[in-house]
Amino acid sequence: MAGTAAGKGLSRGLIIDVAHVTEQAAIAAARLRGRGDKKGADGVAVDAMRQALADIDIAGTVVIGEGEMDEAPMLYIGEKVGTGNGPAVDIAVDPLEGTTICAKAMPNALAVLAISEAGGLLHAPDMYMDKIAIGPGYPEGVVDLDATPAENLSNLAKAKGVPITEITACILDRDRHRDLIAAVRAAGASVQLIPDGDIAGVIWATEPGETGIDIYLGSGGAPEGVLAAAALRSSGGQIQGRLLPADDAERARAESMGIKDINHKFSLSELASKDVIFAATGVTGGSLLDGVRFSNGVAHTHTLIMHSGSRVTRRIRATIPLA
């Protein structure tokens, strides 16, 4: 399978390889949709993703693993993947984003992977991160993590050329976001709450015409923030993030991973700094992607894949024979 040319960005041949990886993880997880077993679904997705990665001609290192916060199985940070015969690349994975929504067969569970030139992805510790993200087509700096929700929404509405009442923010439905939700509504904008899956929430902001989402606000996992940044780098969007350590142990972990200023506001170019391919395959159906369908010994998949080097976004529908 395809590798990369050193110093020349990622090979476009990797696009199909990366799509194959998320397809396999999605198919595995989809077999356990609605079974109430989120760890089991995550585990089979991890195994399928690991097996698919093993066949790609890369010397990959997992820099963003999945599931530590939920004590779930994971492709662990530092794990080597690929045949080892190709160039060095960084790998960020979330084999099943939205474990709970998959277990309940709710919308927008995804299998997600980003692959970057070596050194291109922030090694983010497993803790929460405050985030703000918008899609492409806006002036740089139109929103800022340090601005108030009202200021960000007003600036975004002006940049879009619409009244603030036509702006919709996507926010995780958590008690910690109560004040944020109230502030967004007080400013005149709408809120779409999601139960899980903040990578999906950020991706929605890249295509507001399709999803109705203009901006993503609030805190979620820092590893998911890096994966979301890979998607935004590929699409031309914007994101900022700041770590939210819960205690001294998390602060020490961040420092051990090279983050000296825990209050630093990370830009897109810091979260995802080099050429990257981002892929997400639907496990359950949602706003942008259909879920896996099984029929007559085959799986039908729907994958979104983006490449920062070409700025091309593809949706791939595949019919895959089942073993």
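Is aspartate 94 buried or exposed? I began my notes with this residue, and I found that aspartate 94 is buried, with a relative accessible area of 5%. I keep in mind throughout that I am reading a predicted model.

**Entry 1: the annotated positions**

I looked up where aspartate 94 sits and found it in strand 3, which covers residues 88-97. In its unreviewed entry, UniProt gives the feature "binding site" for Asp94, Glu97 and Glu224. These positions span 131 residues in sequence, yet no two of their C-alpha atoms are more than 8.8 Å apart, so they gather at one spot.

I then turned to glutamate 224, which lies in helix 8 and is partly exposed, with a relative accessible area of 21%. Leaving aside neighbours within four places in sequence, I listed the contacts of glutamate 224 as Asp94, Lys131, Asp198 and Ile199.

The unreviewed UniProt entry also lists Asp42 and Glu66 under "binding site". I checked aspartate 42 and found it in helix 2, residues 38-53, where it is buried with a relative accessible area of 1%.

I noted that the protein chain is divided into domain 1 (13-121 + 276-321) and domain 2 (128-271). Their centres, taken over C-alpha atoms, are separated by 23 Å, and 30 residues of domain 1 are in contact with 24 residues of domain 2.

Which residues of the largest nonpolar core touch the most other members? The core has 47 residues, and the ones I was looking for are Ile203, Ile239, Leu243, Leu271 and Phe278. Helix 8 (residues 222-235) gives the most to this core, with eight residues. Domain 1 and domain 2 both give residues to the core, so it lies between them. I set beside this a general remark, that in soluble globular proteins nonpolar side chains tend to be buried together.

**Entry 2: a cavity and a pocket**

How many cavities of 30 Å³ or more does the structure hold? I found two, and the largest cavity has about 80 Å³ of space. Its lining is made up of Asn108, Leu110, Ala200, Ile203, Trp204, Ala280, Thr284, Gly286, Ser287, Leu288, Leu289 and Leu304. Helix 6 (residues 198-204) supplies the largest share of that lining, three residues.

I looked next at the second largest pocket, which holds about 200 Å³ of space. It is lined by 16 residues, of which Asp130, Pro149, Leu180, Leu217 and Gly218 are the closest to its centre. Strand 5 (128-134), helix 4 (149-160) and strand 8 (215-221) each supply at least two residues of the lining of this pocket.

Asparagine 108 has a positive phi, near 80°, and it lies in the loop between helix 3 and strand 4. Asparagine 108 is buried, with a relative accessible area of 15%.

Alanine 105 is placed in the loop between helix 3 (99-103) and strand 4 (110-117), and although it is not a glycine, alanine 105 has a positive phi of about 55°. I noted that alanine 105 counts as partly exposed, at 48% relative accessibility.

**Entry 3: arginine 311**

Where is arginine 311 found? I located it in the loop between strand 13 (298-307) and strand 14 (312-321), and arginine 311 is exposed, with a relative accessible area of 53%. Not counting residues up to four places away in sequence, arginine 311 touches Arg233, Ser234, Ser235 and Gly236. I also compared its position with that of glycine 258: arginine 311 and glycine 258 are 53 residues apart in sequence and 30 Å apart in space, C-alpha to C-alpha.

How values were computed:
Residues numbered from 1 in each chain as written. Predicted model: local features only at pLDDT ≥ 70, side-chain atom pairs only at ≥ 80, totals over all residues. Heavy atoms only, no water. Core = buried A, V, L, I, M, F, W, Y, C linked by side-chain atoms within 4.5 Å. Buried < 20%, exposed > 50% of the residue type's maximum accessible area, 1.4 Å probe, protein only. Helix = DSSP H or I, 4+ residues; strand = E, 2+ residues; numbered from the N terminus. Domains from an automatic or database assignment. UniProt positions renumbered as here; feature names shortened; annotations may be inferred. 1 Å grid on protein atoms, 1.4 Å probe; cavity = no way out; pocket = protein on both sides within 12 Å on 5 of 7 lines; lining within 4 Å. Points joined across faces, edges and corners; volume = space filled by probe spheres on them. Contact = heavy atoms within 4.5 Å.
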